[in-house]
Amino acid sequence: MHKWERWLVDRTTNRVVRPFEWGIEFLNASQTDANSNERETLFQFNQRAVAESDRFFGLNGPTDFSCDGQWLTFTSPLETPYAQNNTAYARYFPAPRRDGDSDEASRARRRAVLVLPQWNGQSDSHIALCRLLNRFQIAALRLSLPYHDRRMPQEMERADYMVSANLGRTLQAVRQAVLDTRAAIDWLTGQGYDRIGITGTSIGSCVSFLAFTHDARLKTAVFNLVSSYFGDVVWDGMATEHIRRSLESEVTREELRRAWMAISPNAYVRRLAGDRRRGLMISARYDRTFTPELSRLLFEECSRHRVGFDRKMLPWGHYTMGEAPFKYYDGYLIVNYLRKHL
């Protein structure tokens, strides 16, 4: 299985090793110590963001939602230096209507699920999952992540600005993804959906977890391929080896964990203590991108705070999960859990 994972990763030949950058200019770091160097400024920023996470992930707007029946567009709540990235896009899959629907069927159509794809997922990824949700009278809204699809700057071939050796820009990109997700929830509630769930895969699971812990409107979630610390994943993961080559000349593994603590699920598990909402965390035994060891750190943190999420360890890997027949079982787990708990 590990050999298959390596072969699938190595099929991508356009990864670029970009230079290390602190990226302080991407952060609103005005409250840090003016005498601090860039390293300490970034660490202080993360400490403050975690301590004041309701503000860090707090939403103000947008109000310019536009939906043509298939595509939802709106201005991202977080403005970046890249104009192409500042408009958010989501593909909408309303639950089909049938003549003579019962009251129960009408209520079922008030359910919706936000679907967040993986890093560098193509524009058609997770469309089959959205259509499967429709079969159970659940609407789906597939949100494009920052720097993906139509949001990718023209000079890019991959969504490198979402995760890179620029520490500040990566922080900003994941924060933007969470704010875009919360804005999409605003739109769904405005359409009359009162039972909203979320599912995300890989980095989408990280964004989903951060949104779930900060937005009580989400009733249930499936975190597909989970991990604990964002920095550890990039440092250890097979798919981010090219990023580590830039990082390791400037920071240690422990420093990278601190530099990206504000976008790490383990920083916020304590917020879920006593939360009665249901969630499913999926990990893979042969995953060399979100390694099982890092997933266990999240499981242990949930146990420490008595967060009663369900867990599933699957006998394949990160990239092989996207291959048949594994993807069909994974899709079944996701849809069945959401159908039961939404």
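The following conversation walks through features of a predicted model.

Trainee: What should I know before reading the values?

Mentor: This is a predicted model, in which local features need pLDDT of at least 70 and side-chain atom pairs count only at pLDDT 80 or more, while totals for chains, interfaces and linings use all residues. Residues are numbered from 1 along each chain as its sequence is written, and side-chain values use heavy atoms, with hydrogens and water left out.

Trainee: Let us begin with strands. How is E6 paired with E4 and with E7?

Mentor: Strand E6 (residues 195-201) pairs with strand E4 (residues 111-116) in the parallel sense over 6 bridges. E6 and E7 also pair in the parallel sense, over 6 bridges. Strands pair if DSSP finds at least two bridges between them. Helices (H or I, at least four residues) and strands (E, at least two) are DSSP runs, numbered from the N terminus.

Trainee: Which residues stand opposite each other there?

Mentor: Arg-111 has Arg-195 in E6 as its bridge partner, and Gly-197 stands opposite Thr-220 in E7. From E6 the chain crosses through H7 to E7, and this β-α-β crossover is right-handed. That term applies if, with the strands pointing away from the viewer, the path from the first strand over the helix to the second runs clockwise.

Trainee: Is E6 mostly covered or mostly open?

Mentor: E6 is mostly covered, with 6 of its 7 residues buried. Buried means under 20% relative accessible area, exposed over 50%, and partly exposed in between (1.4 Å probe, protein chains only).

Trainee: Then where are the cis peptide bonds?

Mentor: One joins Gly-61 and Pro-62, with omega about 5°. Another joins Ala-324 and Pro-325, also with omega about 5°. Pro-62 is in the loop between helix H3 (53-56) and strand E1 (66-67), and Pro-325 lies between strand E9 (310-314) and helix H12 (326-341).

Trainee: New topic: how many aromatic pairs are there?

Mentor: Rings of Phe, Tyr and Trp (its six-membered ring) pair if their centres lie within 6.5 Å; planes under 30 degrees apart count as stacked, over 60 as edge-to-face and the rest as tilted. By this rule the count comes to 19 aromatic pairs. The rings of Phe-212 and Phe-223 have centres 5.9 Å apart and planes at 80°, so this pair is edge-to-face. Phe-212 lies in helix H7 (residues 203-214) and Phe-223 in strand E7 (residues 218-224), so the pair ties together parts that are 11 residues apart in sequence.

Trainee: And which residues form a ring cluster?

Mentor: Ring pairs link Trp-4, Trp-316, Phe-326, Tyr-329 and Tyr-332 into a cluster.

Trainee: Finally, which residues touch the most other members of the largest nonpolar core?

Mentor: Of its 80 residues, these are Leu-141, Met-162, Leu-167, Phe-230 and Leu-247. The largest share of this core, 11 residues, comes from helix H6 (residues 167-190). A nonpolar core is a set of buried Ala, Val, Leu, Ile, Met, Phe, Trp, Tyr and Cys residues joined through side-chain atoms within 4.5 Å.
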